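Look at the structure below before reading on.

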Amino acid sequence: MDGAEITERGAGVNQRGVRDHNARLILSLLARSPAAGADLARLTGLSRPTVSTILKRLEEDRLIRKGAPVRGKVGKPSVPMELNPDGAFSVGLKIGRRSADLLLLDFTGTVREQIQTTYEYPMPDAVFGFLRDGLENLADGLDAEAQKRVCGIGIGTPFELWKWHDLTGRAAERFRSWKDVNFAAEVARFSTLPVSVVNDATAACHAEQLYGRGKEFRDYAYFFIGSFVGGGVALNGTVFEGNQGNAGALGSMRTTGPLGESQQLIDTASLHLLEARLVDAGMDPEIMWRKPQDWSSFARHVEPWIGTTAQELAKASLSICSVIDFEAVLIDGAFPEAVRNQLVERIRRYLVNQDKRGLIEPKVEAGAVGENARAIGAASSPIFSQFFLDTNAGLSGI
């Protein structure tokens, strides 16, 4: 499936370009919730015949399907249209500090298959070898028709990956080779699928926007706390990646250390700090990453980490809102749901006593996607770019 009629962008307001925009608009609305043709016409401002024509074409392309009839008090039941889970698939690779995750995502955001590898450090040859072998494993679970509907590979990775390590000697040289890696060229050695690369925290924000609580807010800031804290921003109901794909690099926000020294947020609100606490206590930090996650055995070390992290995120949230008056700040991370909820509650408490002169205080809410957000968001990137409407299109070039 090449999706040519949907993915091709017309130059100017020509007939194909309008169909492209309107089809993306309808698919984007159906991604939020199923809807009947009459409701789609009302929401889009398009005529009913135009909507009917687009829906017919999308159904023929198997991108959408009829949902269960909704019966009212009078008249015929309404038949909503919904995304077809088998309409498109995408592969997502998350490159993390301790592990890499590879998954197959369907058109509605459901993870069909997922595999993981762990390492001491993510060396390029090992990561791309994992991707190559993993693609074969994922393909084995798809029939021939489904394989044709895999629309691309999304890679979520920290930007400037080569800078965060403490290696020396030959190992350090191998790790620094990430600086010269061309992801698309490396993948092209073993796959013809198109490749998109996105910052891992921005990818997590994409996942929250498409499949989590992002739909509840028009503009919001997003924190994802992994080994290193990162973030993203959503404007006009779409994640804004910026001119160079680095918008929402919230981990680089300035903060002050315990001795008054200048630091970044990654130095004061990341999970590597909790890892250090466990090492100091003589515990193996690997217990943080075991699946399923259960942090009850080291809760006494988690509690002070939550306190410090919440204080830093409360200050950072207000700093962000001094630039854009975000409606909300969403918090998620690679930790159990209970830890996330405690962290959110603590941030709210810290905000009560902060100096908020000249600011509109945002809501602080828990994200809903969880620890898998970076891989899911990476996989969603090809699907979003080929089928959904980017309401910020054009802003990145400003």
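## A strand pair and its helix

In this predicted model, Val 329 stands opposite Val 364, which is in strand 14. The two strands concerned are strand 13, residues 328–333, and strand 14, residues 363–366; they pair in the parallel sense over four bridges. Strands of a sheet pair through backbone hydrogen bonds, and the sense is either parallel or antiparallel.

An open sheet is formed by five strands in the order 5-4-3-6-7, with mixed pairing. At its edges are strand 5 (111–118) and strand 7 (195–199), each of which pairs on one side only. On average, neighbouring strands in the sheet are turned by 15° against each other, direction ignored.

Strand 7 pairs with strand 6 (residues 150–157) in the parallel sense, over five bridges. Within this pairing, Gly 154 is found opposite Ser 196 of strand 7.

## Helices across the sheet

Helix 9 (residues 200–211) lies across strand 4 (99–106), strand 6 and strand 7, and runs at about 100° to strand 7. Helix 13 (residues 373–387) lies across strand 3 (89–95), strand 4, strand 5, strand 6 and strand 7. Its direction is at about 140° to strand 3.

## A helix crossing

Helix 3 (residues 37–44) and helix 4 (residues 48–60) have axes that come within 9 Å and cross at roughly 115°. This crossing is right-handed. On the helix 3 side, Gly 37, Ala 38, Leu 40, Ala 41 and Thr 44 take part, and they meet Arg 48, Val 51 and Leu 55 in helix 4.

In soluble globular proteins, nonpolar side chains tend to be buried together. The largest nonpolar core here has 59 residues, of which Phe 223, Ile 225, Leu 271 and Ile 331 touch the most other members. Helix 11 (residues 299–321) gives the most to this core, with ten residues.

Another core, of 27 residues, lies apart from the largest one; among its members are Val 91, Leu 102, Tyr 121 and Leu 138.

Is Leu 138 buried or exposed? Leu 138 counts as buried because its relative accessible area is 6%, and the cut-off for buried is under 20%. This residue lies in helix 5 (residues 124–140).

Leaving aside neighbours within four places in sequence, Leu 138 is in contact with Val 91, Leu 102, Leu 103, Leu 104 and Glu 113. Leu 55 is 83 residues from Leu 138 in sequence, and their C-alpha atoms are 30 Å apart in space.

Conventions
Residues are numbered from 1 along each chain as its sequence is written. This is a predicted model: local features need pLDDT of at least 70, side-chain atom pairs count only at pLDDT 80 or more; totals for chains, interfaces and linings use all residues. Side-chain values use heavy atoms; hydrogens and water are left out. Two strands pair if DSSP finds at least two bridges between them. A nonpolar core is a set of buried Ala, Val, Leu, Ile, Met, Phe, Trp, Tyr and Cys residues joined through side-chain atoms within 4.5 Å. Buried means under 20% relative accessible area, exposed over 50%, partly exposed in between (1.4 Å probe, protein chains only). Contact means heavy atoms within 4.5 Å. Axes are lines fitted to C-alpha atoms, for helices over the stretch in contact, and angles run from 0 to 180 degrees between N-to-C directions. A crossing is left-handed if the near helix is turned anticlockwise from the far one by less than a right angle, and right-handed if clockwise.
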